[in-house]
Amino acid sequence: EKGYETGEHAPGLKLGGCGAYKAAHHIIKTHAKVWHSYNNTWRREQRGMVGISLTSGWGEPVDPHSQTDRDAAERYIQFHLGWFANPIYRGDYPEVMKNYIGKKSAQQGLGTSRLPTFSVQEKTYIKGTSDFLGIGHFTTRYVLQKNFPFLQVPSYHTDHDLAELVDPNWPAPGPKWLYSVPWGFRRLLNFIKTQYGNPLIYVTENGASETVQCPQLCDEWRIQYLKGYINEILKALNDGVNVKGYTAWSLLDQFEWNKGFSERFGLYHIDFKNKDKPRYPKASADYYKKIISANGFPNPREVMS
């Protein structure tokens with residue numbers, strides 16, 4: 001979406017309303033081809049696994065008693081995670097994506113939907129091409145219905161007719177998009193369990209960044225973030241979700257897309273101005289080290305029920 005819709009990321013194309021959908025369509029078909037290639041050629045000998053890693057937030061209805069808000073929250077997750085996961089696990093794009101994008105395309109005078117279609121053969125070829133699901137997750141939004149006039153320029157952002165809100169009480173230690181909302185992770189993981197047949201899950205990205213450097217490396221807020229989110233994964237495990245592994249994002253401060261070196265996710269601080277790029281452990285590095293050494297919270301009292 002940022003590479004082919006808004007042009008914020010490489011390759012910087014601004015193909016509003018169609019570029020992101022076309023790019024995703026190729027990604028999904030290419031993923032399936034790689035999976036089949038491995039399955040047919042190397043699996044028997046190597047006994048490896050091929051999966052896909054998808055990043056998604058969680059969408060919570062502003063009013064859980066409102067059907068329109070619940071529907072909007074469902075669209076939020078289907079237009080993010082379901083966009084890629086549904087073809088791989090269920091054989092086609094989510095119905096709500098097909099309906100909304102098809103309807104908007106018709107209103108905009110287009111003869112066909114801006115969302116590409118899979119042939120019957122492609123659906124069969126794509127379905128089931130994942131031995132595990134990698135999940136990147138960082139934050140949550142409250143979601144409600146918002147109608148966008150169909151005369152607007154076609155856009156992925158207006159296709160799903162929803163608005164996103166945040167709770168001002170949610171901690172936001174770094175960039176304004178990344179609020180700490182641990183309970184959203186458990187709900188996302190349970191959604192995956194229900195929607196996609198409880199697949200094997202590896203958490204491939206989860207963490208928080210800072211934009212203001214702390215010279216004492218005292219990132220207590222990152223410790224609280226990790227504690228909260230890992231604890232929600234433990235609750236999801238107790239719910240029966242098949243989570244096999246967890247990876248914090250990230251080990252080191254690094255180059256973050258169009259934010260460059262200004263947004264720091266690392267457990268280790270990197271002095272980018274020094275030619276030798278020395279590394280210094282933040283407080284979170286020591287905390288995370290204790291968690292992975294114990295394969296759990298070192299102090300059982302830290303675990304919230």
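1. Strand 6 and strand 7 (residues 243-246) form a parallel pair over 3 bridges. Within this pair, Tyr202 has Gly245 of strand 7 as its bridge partner. Two strands are taken as paired if DSSP finds at least two bridges between them. Strands are DSSP runs of E with at least two residues, helices are runs of H or I with at least four, and both are numbered from the N terminus. The model is predicted: local features need pLDDT of at least 70, side-chain atom pairs count only at pLDDT 80 or more, and totals for chains, interfaces and linings use all residues. Residues are numbered from 1 along each chain as its sequence is written, and side-chain values use heavy atoms, with hydrogens and water left out.

2. Strand 6 (residues 201-205) also pairs with strand 3 (residues 133-136), in the parallel sense and over 4 bridges. Here Gly134 has Tyr202 of strand 6 as its bridge partner.

3. These pairings belong to an open sheet of 4 strands in the order 1-3-6-7, with parallel pairing. Strand 1 (52-55) and strand 7 are at the edges; each has a single partner strand, so one side of each lacks a neighbour in the sheet. From one strand to the next, the twist averages 30°. Axes are lines fitted to C-alpha atoms, for helices over the stretch in contact, and angles between N-to-C directions run from 0 to 180 degrees.

4. Helix 3 (residues 67-90) lies across strand 1 and strand 3, and runs at about 150° to strand 1.

5. How do helix 8 (residues 220-238) and helix 9 (residues 283-294) cross? Their axes come within 9 Å and cross at roughly 30°. Helix 8 is therefore roughly parallel to helix 9 (angles under 35 degrees count as roughly parallel, over 145 as roughly antiparallel, 65 to 115 as roughly perpendicular and the rest as oblique). Helix 8 contributes Arg222, Ile223, Lys227 and Ile230 to the contact, and helix 9 contributes Ala283, Ser284, Tyr287, Tyr288 and Ile291; contact means heavy atoms within 4.5 Å. By class, this contact has 6 nonpolar, 1 polar and 2 charged residues.

6. Ser284, in helix 9, is buried at 0% relative accessibility (buried means under 20% relative accessible area, exposed over 50%, partly exposed in between, with a 1.4 Å probe and protein chains only). Leaving aside residues up to four places away in sequence, Ser284 touches Asp219, Arg222, Ile223 and Leu267.

Definitions and conventions
Ala, Val, Leu, Ile, Met, Phe, Trp, Tyr, Cys and Pro count as nonpolar, Asp, Glu, Lys and Arg as charged, and the others, Gly among them, as polar.
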